[in-house]
Amino acid sequence: MPQIPFALRDDPVGAYPEEWVAAFAEIHERPFRAKQVFRWIHTRSVADPARMTDAAKTLRDKLASWSLAMPAEIREVRRAADDTRKVLIGFPKSPAAGTVETVLIPPLPDEDDDEAELEADDEAPAVTGLRVAARRVTQCISSQVGCAMGCVFCASGVAGLKRHLSAGEIVAQVLLGRTLLDEGEAIRNVVLMGMGEPLHNYDNVARALRLLTHADGMNLSSRRVTVSTSGLVPEIDRLGEEFKGEIALAVSLHAPDDELRSRIMPVNKKYPLGELMAALRRYPLARRRRITIEYTLIRNVNDRPEHARALLRLLRNLPMKVNLIPMNPIEAAPWQAPTRDDVLAFQDVLRKGTDQAVFIRRTRGDEIDAACGQLALHGAKAVKRKLPMIGERHGGA
Ligand code: SAH
Ligand code: SF4
């Protein structure tokens with residue numbers, strides 16, 4: 001049997017169609033056969049050659065000898081009453097490589113995102129003739145096992161970086177996620193907001209983005225794929241240049257000044273707010289697109305009205321929408337969730353000071369701890385979020 005070609009050896013699920021074609025040339029197989037295999041993997045989530053029924057037997061035998069398989073596997077699925085599914089992902093080839101999680105989030109009936117705007121921009125209409133649009137599921141995926149950025153309020157940050165995920169391991173989360181969809185659902189949005197800092201694993205993430213949006217593969221719209229970053233300035237520039245601003249960008253800000261931001265996000269010492277804001281302002285955003293500003297509210301740390309006013313000054317004239325995220329407490333850190341009143345007051349200050357959208361991120365799948373970045377540590381460091389009820393008095397810090 002011919003040896004597995006070099007381009008496919010380490011990460012076949014992370015290979016581009018042209019790499020499959022080149023590898024197939026080495027084993028004297030025709031280009032269309034290569035593309036057939038690429039499609040089995042990326043449009044049908046099938047990596048086992050035995051199941052590629054339209055491939056010739058001789059080809060299937062060759063592929064079988066390469067032990068072609070999905071690089072990730074589903075270890076556990078937990079489903080919440082709102083149909084959010086939280087999935088624990090393991091890596092069969094390297095059992096010691098840890099686990100990550102991915103979350104499938106069905107839309108709310110009155111979803112308050114910019115879905116209507118995206119719909120209007122879509123080349124393919126969601127409703128064609130009598131065919132009703134599929135229920136659009138958003139999938140949150142991970143880019144690393146753990147994270148090196150050390151944000152003090154984050155379970156992944158407290159755990160530290162274990163390793164980068166390969167492009168195939170990133171893409172496989174969506175390929176596997178698709179096998180867990182209900183009738184009538186389709187994955188339309190992918191957000192890199194799970195475990196890890198995507199831009200710290202730039203090359204593998206960029207490759208995964210190209211595969212997720214590839215016309216012969218999953219063919220997701222790049223505007224529906226969001227990279228969330230803690231603010232790695234050179235890589236934000238690189239992402240903007242290489243993808244011409246078409247990949248949606250979310251930035252975790254969490255503080256309006258350098259002193260506070262450096263305290264809760266060590267990455268700010270390397271790329272302070274002045275540099276980060278300059279990078280956001282030069283990001284080559286597609287027409288009518290906006291940058292998402294994420295702001296995790298931590299009780300009495302960054303949730304005061306003066307923080308909201310400073311944030312308004314910092315973000316002036318930036319095309320953006322703001323997502324306020326009430327902190328999900330972790331056991332390893334003393335930080336607490338904000339009170340409901342303070343979240344609403346913070347939103348109110350922002351809404352009065354800007355005509356751009358300001359949302360409070362809703363809790364989905366609360367009883368299964370479905371906030372991104374929690375399941376892999378479940379039982380160890382993550383504790384269930386307890387959001388104080390409206391009207392509760394502010395606790396002292
Ligand atoms: N590393 C990237 C993406 C993964 S984290 C980033 O930081 O942007 C996704 C989002 O979840 C970030 O905005 C992050 O700050 C937020 N987050 C992390 N831990 C949290 C917690 N305990 N409570 C609420 N939000 C949290
Ligand atoms: Fe890493 Fe993001 Fe967590 Fe910070 S918030 S430690 S960057 S995963």
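For sorting the residues around a ligand, Ala, Val, Leu, Ile, Met, Phe, Trp, Tyr, Cys and Pro count as nonpolar, Asp, Glu, Lys and Arg as charged, and the others, Gly among them, as polar. With that in hand, the shell around ligand 2 splits into 4 nonpolar, 4 polar and 1 charged residue. Keep in mind that this is a predicted model.

**Ligand 2**

Who sits in that shell? Ligand 2 has Cys147, Met149, Gly150, Cys151, Cys154, Gly157, Gly196, Glu197 and Ser230 around it. Glu197 is the charged one, because Glu counts as charged.

**Ligand 1**

Ligand 1 has 17 residues around it, and the nearest are Phe153, Ser228, Ser252, His254 and Asn328. By class, its shell holds 6 nonpolar, 9 polar and 2 charged residues. Two strands, S8 (225–229) and S10 (291–297), each contribute at least two residues to this shell. Here are some polar distances to check against your own view of the site:

| Residue | Protein atom | Ligand 1 atom | Distance |
|---|---|---|---|
| Ser252 | polar side-chain atom | oxygen | 2.6 Å |
| Asn328 | polar backbone atom | nitrogen | 2.8 Å |

So how much of ligand 1 does the protein cover? On its own the ligand has 530 Å² of accessible area, and the protein covers 92% of that. Ser252 and Asn328 turn up both in the table and among the nearest residues.

**Strands and pairing**

Zooming out, the chain has 14 helices and 12 strands. Strand S4 (residues 135–140) pairs with strand S3 (residues 100–105) in an antiparallel way, through 3 bridges. One of the bridged pairs there is Ile105 with Thr138 of S4. S4 also runs parallel to strand S7 (residues 185–192), and 6 bridges join them. On that side, Cys140 has Val191 of S7 as its bridge partner.

**The chain as a whole**

Of the 397 residues in the chain, 55% are buried. The accessible surface is about 17,400 Å², with 52% of it belonging to carbon and sulfur atoms.

Notes: Residues numbered from 1 in each chain as written. Chains lettered and ligands numbered in written order. Predicted model: local features only at pLDDT ≥ 70, side-chain atom pairs only at ≥ 80, totals over all residues. Heavy atoms only, no water. Near = heavy atom within 4 Å. Polar contact = N/O pair within 3.5 Å; in protein donor to acceptor, adjacent residues only side chain to side chain. Areas by Shrake-Rupley, 256 points an atom, 1.4 Å probe, with all protein chains shown as cover. Helix = DSSP H or I, 4+ residues; strand = E, 2+ residues; numbered from the N terminus. Pairing = 2+ DSSP bridges. Buried < 20%, exposed > 50% of the residue type's maximum accessible area, 1.4 Å probe, protein only.
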